Amino acid sequence: MSTPLTAEIAAAAARLVVEEGLEYGPAKRRAARDLGRGARQVDLPGNDEVEDAVREYLDIFCADTQPGELRALRELATVWMERLAVFRPHLTGAVWRGTATRLSALHLELYCDDGKSAEIALLDRGVDFDIASTRGPQGRDIDVLSLASRCPALGETVTVFLSVLDHDDLRGALKADARGLTQRGDLAALRRLLDKQAEED
């Protein structure tokens, strides 16, 4: 449940997400600190509340630039999803949800029969990448490959994160959340979003 404090933290976190490109978790913790509050879990807003605040911030301060930046990032995502099509890529994060700006990273999930096959595919293409790990579905550690990709439409380099998941993790991954929104989408779904955005523009 939202309280005046969590709403204040959400608004401050939204500014950090949009203006500095922070992810939601770090933005919430820093916003709490900036407001002189300890980042106790009870005081932190949920991601849905932060996303609402981000959308409000974008509507007020970035309405003239954000749609074009979002489109550029989605077009870059289609390039990488086409390149990695064999791994059933799904776009997630701000670029999928429609809240991305030029500071946002691309987050792709790859559903692989063999976890190392994505690394081999990148090496075969001569793509430099780093490997880290994070907590994935069912609490398992998963590899996250990160690389830099030039976005011509933005004239900038964008960070691309590739989360390497098991093929079986795809089952149930497309369930909608409590708001009826999905957390990820495949290439066909992304192209539908781009078509819809083109119509609205």
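Tutor: Let's start with a term: a pocket is an open set of grid points with protein on both sides within 12 Å along at least five of seven lines. Keep in mind that this model is predicted.

Student: Happy to! How much space lies in the largest pocket?

Tutor: Its lining has 36 residues, and the closest to the centre are Glu23, Thr92, Gly93, His107 and Gln183. The space in this largest pocket comes to about 1,000 Å³.

Student: Which element gives the largest share of the lining of the largest pocket?

Tutor: Several helices and strands give two or more residues each, among them α1 (4-20), α2 (24-34), β2 (106-112) and β5 (156-166). The largest share is 4 residues, and the element that gives it is β2.

Student: And how many charged residues are in the lining of the second largest pocket?

Tutor: This pocket has a volume of about 410 Å³. Its lining has 17 residues, with Arg55, Gln66, Leu70, Gly98 and Glu200 nearest the centre. Elements giving two or more of the lining residues are α3, α4 (66-83) and α7 (187-200). By class, the lining has 6 nonpolar and 4 polar residues, and the number of charged ones is 7.

Student: Back to the helices: is α1 roughly parallel, roughly perpendicular or oblique to α2?

Tutor: The two axes come within 8 Å and cross at roughly 125°. Roughly perpendicular ends at 115 degrees and roughly antiparallel needs over 145, so α1 and α2 are oblique.

Student: What is the handedness of the crossing of α1 and α2?

Tutor: The contact includes Ile9 and Leu16 of α1 and Tyr24 and Ala27 of α2. Its residues are 9 nonpolar, no polar and 4 charged. The crossing itself is right-handed.

Note on methods
Residues are numbered from 1 along each chain as its sequence is written. This is a predicted model: local features need pLDDT of at least 70, side-chain atom pairs count only at pLDDT 80 or more; totals for chains, interfaces and linings use all residues. Side-chain values use heavy atoms; hydrogens and water are left out. On a 1 Å grid over the protein atoms alone, a cavity is a set of points where a 1.4 Å probe fits but cannot get out, and a pocket is an open set with protein on both sides within 12 Å along at least five of seven lines; lining residues have an atom within 4 Å of a point. Grid points are joined across faces, edges and corners, and a volume is the space filled by probe spheres set on the points. Ala, Val, Leu, Ile, Met, Phe, Trp, Tyr, Cys and Pro count as nonpolar, Asp, Glu, Lys and Arg as charged, and the others, Gly among them, as polar. Axes are lines fitted to C-alpha atoms, for helices over the stretch in contact, and angles run from 0 to 180 degrees between N-to-C directions. Angles under 35 degrees count as roughly parallel, over 145 as roughly antiparallel, 65 to 115 as roughly perpendicular and the rest as oblique. A crossing is left-handed if the near helix is turned anticlockwise from the far one by less than a right angle, and right-handed if clockwise. Contact means heavy atoms within 4.5 Å.
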